[in-house]
Structure formats: C-alpha cells, structure tokens
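Here are my notes on this model, as numbered points. Please read them with the coordinates open.

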Amino acid sequence: MTSAKVYNLGVIGLGEGRSIMSAALQSDRWTLKKACDLNEELCRTREKEFGFSAWTTSYQELLDDPAIDAIAIYTPDQLHFTHACQALEAGKHVVCTKPLLPSLEGAAELLELRRRSGKQVFVGQSSRFFEPMILQRKDFETGRHGDVETVEAHYITDARWFLDKAWSRQKGFSWMYNFMIHAVDLVRWYLPGVTGAMGFGRVSENSRSYGIEAWDSLRFLLRDEQGRIAQVSGNYTMPTLGQHVEPSIGCVIRGTKGVTRAEYSNLSYHTHFAGEGTRTVSIEEKHDYYFRFEGKSHHAGEYQNYIEYFADCLDEGKTALPDAAEAVRTLALMLAMERSMAEDGRYVTIDEILRESGLAVR
C-alpha cells in the first residue's frame, strides 16, 4: 500500500497563523517548511512555543523556495490579495484565512491569475471543519434531513474587548468579515443557490460610547433560487447567556424528515430524525484536539482538519471548497447584506453587486 503524499507548507502571518503552525506540525499530510512574519519578536515567540526555527522576516524566501507546495496566508485582510497573487505567481497553491479579500476590488484579477496558474486557492472557513459541523454535513449528504426547507445560522458573542482596540476605530471596520462571515458561509454551504438578502442592522450604545458606528446587531433573511429561506443573525457588543445556553456559532437545518443543530464551541450535535426522537451527541473527548492553547481562543483542530482535506483534494485532483470563486460570491452576498441594511431593508441580489463590479461568478 502506497503511503499518502506529504506536502510542504509555508506560513505567513504568525498571529492567527499560530493555529496553522500547530496544525501542520501535528499533521501526517504536511511538513511545515518555513514560517514568516515581519515581526521578528513574534517569530521568536513561535520558535520558543513550537521548537520551530525555520522562520524568516522575508516573504520572498517562501516564494523562492522550490520545496514549498503551498503557502498559508494569515496576514491582515488588506494584505491577502497581494500575498495570494505573489504565491500564485511563484507557482504555489494558496490556503487563505477568511475573508479571501476585504472587498471585490482585485477579485477579477485574482480569479484570472488563479486560472492561469493552474494552482488552487482554498479558503479556510474553519467552522465547516469543527466536529459537530462535520457530523451535520454527513447527515445532510446522506439525505437524512429529507428536502431541506430552511437553514438558520448565527454568530453571537460578547466581543466588547474589540472596542478597546485602535483598529476598531479605523475606517471600514465591520463585524461582518471577522464574525458573521462564519454564519453566512454555513448558509451558503447548504443553500449555494442563495440569490440575495434583506435585513437590518443597529449600532448599540456600547459601540457609540467608543465613537464606533459599525452595526453590531444584525438580522437577515436570505432566499435561494428555489425560494428556500435562510436566516442569519449576529450580536457582538452585548452580554450573552454563556456557551452552555447560547453557543457562539450555531447552524440549524430543517428538512422534511429531520432537523439538526451543530454548535461551536460546544462539542455537541443535536438531531431529531423520523423514528429516532431527539438526540444529542457529545464529542467532548476531542476537546484537546480542537482547543490546544489557552481557553478556546485558538481552535487548531479545525485548521488541521481543513489542511488535511486540502491535501486529499490535491491528491485526487479535486477543487477544495470553498475556492476563490465561491469566496468571491460569498463576499458579494455580504456586500448585498450591507447594502440592504443601508437602504432600510431592501432585498439586494448578489448579481446586482457582481454586475456593478464587472464580475460573473457562479
């Protein structure tokens, strides 16, 4: 029996990249070849933490290394476009944390470069690779829900500590792209034919007291080509009821034969299928695999799951999803959601946004 191929990974951005370093170092499918960050002190911190000394402050070293098969990008959002394009031009596959881009600017250029390069651009939407979501997807793919009628997803967390950060006061700061994108992606995973959205946003006094006018309470209805409805919600600057009552991320699928709810960061999966009654599957024995650092701030197990999925796709010549095209369409949906909020709840379509940007992404 032939052993699976082991791929070489380069990582840029060692803040959030902490989790991908852990994932690669513990994976049988990847070798962490080199890590990069402009902050030399952070590089030394990661060296001490992981015993990994092959680091550099020069991204060009990763690009020039012929042994590196893929580069994982965990730099600030506004740098993703440049770093991804440079990696593709260097003949590397790309793994990029969400969002792939902070806007649709440069999307056409990136998609064309990906096409010409023949390399993959895989977006690390980590929520898809958390254990309860994996179990939910298996039930969906085997048809246990029957005909899916609605999908409800949320990301609700008390992130008031963000308000103390200087970057929360920068122009363009939004809760959409670091938080709500997880819920939006889960909906698009199950209803890929979503055509648009309508919704409302509100800025709480908690935000305004810091001089921040970013919507922090958000509610949306989405609809797909078949008329199926999805609900997406988020709250970010108010108290919560706690994880045991109100998990930060939840995805509910309601179908003609069953209903399920997958949760994060609870390792719990709830089901009600015909003839079975209501059941809860606890996967707490995998806690240490998913949450490797202090608290639950870094969930490296999901990252390991998705780079191993990516390796399997490379083995089989399959496109790893979400790819660049899917990520761009999700971004267009989020821009439609933002426009709907700004226009008092008007239903805004993805195609409207894409046409204005000169894109035609399916």
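1. Salt bridges overall. The structure holds 27 salt bridges, a salt bridge being a side-chain nitrogen of Lys or Arg within 4 Å of a carboxyl oxygen of Asp or Glu. This is a predicted model, in which local features need pLDDT of at least 70, side-chain atom pairs count only at pLDDT 80 or more, and totals for chains, interfaces and linings use all residues. Residues are numbered from 1 along each chain as its sequence is written, and side-chain values use heavy atoms, with hydrogens and water left out.

2. Arg18 and Glu294. These side chains meet in a salt bridge, with 2.8 Å from N to O. Arg18 lies in helix α1 and Glu294 in the loop between α9 (287-290) and α10 (300-316), so the pair ties together parts that are 276 residues apart in sequence. Helices (H or I, at least four residues) and strands (E, at least two) are DSSP runs, numbered from the N terminus. Arg18 is buried, at 11% relative accessible area. Glu294 is partly exposed, at 47%. The classes use a 1.4 Å probe and protein chains only: buried is under 20% relative accessible area, exposed is over 50%, and partly exposed is in between.

3. Packing of α1 and α2. Two packed helices are described by the angle between their axes and the distance between the axes. Helix α1 (residues 17-26) and helix α2 (residues 40-50) pack at about 35°, with axes 12 Å apart. Axes are lines fitted to C-alpha atoms, for helices over the stretch in contact, and angles run from 0 to 180 degrees between N-to-C directions. The contact (heavy atoms within 4.5 Å) is made by Arg18, Met21, Ser22 and Leu25 of α1 and by Arg46, Glu49 and Phe50 of α2.

4. Asp139 forms a salt bridge with Arg144, the closest N and O atoms being 3.6 Å apart. Asp139 is buried, at 12% relative accessible area. Arg144 is partly exposed, at 31%. A polar contact of 2.3 Å also joins the side chains of Arg144 and Glu276. A polar contact is a pair of N or O atoms within 3.5 Å; within protein, one must be able to donate a hydrogen and the other to accept it, and residues adjacent in sequence count only if both atoms are side-chain atoms. Glu276 is in the loop between β13 (268-273) and β14 (277-282). Its relative accessibility is 28%, so Glu276 counts as partly exposed.

5. Asp224 and Arg228. Their side chains meet in a salt bridge of 2.9 Å, N to O. Asp224 is buried, at 5% relative accessible area. Arg228 also counts as buried, at 18% relative accessibility. Elsewhere, salt bridges that share partners join Arg339, Glu343, Arg346, Glu352 and Glu356 into one network.

6. Which side chain of opposite charge is nearest to Glu338? For Glu338, buried and without a salt bridge, the nearest is Arg339, 8.7 Å away. Lys and Arg count as positive and Asp and Glu as negative; His and the chain ends are not counted. Glu338 sits in helix α11 (residues 324-342). A polar contact of 2.9 Å joins its side chain to that of Tyr177. Asp65, in the loop between α3 and β4, is also buried and has no salt bridge; Lys34 is the nearest opposite charge, 4.1 Å away. Leaving aside neighbours within four places in sequence, Asp65 is in contact with Lys33, Lys34 and Lys92.

7. Helix α4. In α4 (residues 80-89), the buried residues include His80, His83, Cys85 and Leu88. Their cover includes β1 (7-12), α5 (107-117) and β6 (121-124). Just after α4, Gly91 takes a positive phi of about 80°.

8. Backbone points to check. Most residues other than glycine have a negative phi, and most peptide bonds are trans. The Lys98 to Pro99 bond is cis, with omega near -15°. Pro99 lies in the loop between β5 and α5. A cis peptide bond also joins Tyr264 and Ser265, with omega about 10°. Ser265 is in the loop between β12 (258-264) and β13. Asp344, a residue other than glycine, has a positive phi near 60°. Asp344 lies in the loop between α11 and β15 (348-349) and counts as exposed, at 64% relative accessibility.
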